[in-house]
Amino acid sequence: MKKIPEYEALVLEGGSLRCAFTAGVLDGFASLGYRPFKYYYGVSAGSMAMISFLSGQRGHFIELSEKLIEDGKFISFGSVMSDEGLMNLAHLAKVVHSESPIDWNAANRFIEDKHVHVVTTDFETGEAHYLKPRRENWIRSVLASSTLPLITRGKVKLNGRWMFDGGYADPIPLRAALRDGCSNTLVIRTRPTEDRVERDTLDWLASYLYRDNPAVSQLFENWHLRYNDLAAQLAKNDGQGDQSWSQIAPAQPLRSEGYRITALDLRADHRHGLEQCFNWLSKH
């Protein structure tokens, strides 16, 4: 294998448990000691996979995901009308704390000379925030980036502001990396490169529910357009001037889509992430 190019920025798309694929890619990198990035941008569940990678805990994300799926407390249709909603992020935080702890010392040592961002959406303005997590608020930043109106608790207060899923304001933060001056960026996707999304039922409901806040309502109304524009830009693969990018994406739709997911689905997507990682590496 030739020397692998050293990308300056790593961008991790969200996608809930589809990020088992992301974890597979990152575990492939970890097995080779490949962590050359200076800038990191994690969205939603991608920001959780990012923590495991930064702490050097290969296999952590997929093992955590399996625990959450198998204990029946993370996704519960009987909890849809509760404060936590269908997906219980409080339970996620509890499992991370008590059963699948993060090596925070290792993570914080590693990022001392790095620029790490967890992407969230401002609940009042609809604007993206690129939070620079600290040990004391890192998990809360991830919860803020991952919470979905109508699906989870809906919003999390952080730094005095209410936040929710960063995927709505900036689903694939390639342009954030470009604005930060990164010369070459690697993007890990959770949808095939040719996939485009349509406005779904959740978007329709949320845009109506938050109709008194035009900024947030329009965010849900136009999210699919923003996502498709970013996906089209990524597909160009030619960069802008002296800035370039590459992407690693699933070859087909992932099995860990939706809310009826098994551990076998997670493992299949994780294995596919490993495969796509090594396919990408073989071309470099």
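Visitor: Which unit do E1, helix H1 and E2 make?

Guide: This is a predicted model, where local features need pLDDT of at least 70, side-chain atom pairs count only at pLDDT 80 or more, and totals for chains, interfaces and linings use all residues. Residues are numbered from 1 along each chain as its sequence is written, and side-chain values use heavy atoms, with hydrogens and water left out. Helices (H or I, at least four residues) and strands (E, at least two) are DSSP runs, numbered from the N terminus. A crossover is right-handed if, with the strands pointing away from the viewer, the path from the first strand over the helix to the second runs clockwise. Here E1, helix H1 (residues 19–31) and E2 form a right-handed β-α-β unit.

Visitor: In which sense do E1 and E2 pair?

Guide: Two strands pair if DSSP finds at least two bridges between them. Strand E1 (residues 9–12) pairs with E2 in the parallel sense, over four bridges. Val11 stands opposite Tyr41 in E2. E2 also pairs with strand E3 (residues 115–122), in the parallel sense over five bridges. The bridge partner of Tyr39 in E3 is His115.

Visitor: How many residues of strand E2 are buried?

Guide: Buried means under 20% relative accessible area, exposed over 50%, partly exposed in between (1.4 Å probe, protein chains only). In strand E2 (residues 39–43), five of five residues are buried. Tyr39, Tyr41 and Val43 point one way, Tyr40 and Gly42 the other.

Visitor: What share of the protein's residues count as buried?

Guide: Of its 284 residues, 59% do. The protein has ten helices and eight strands.
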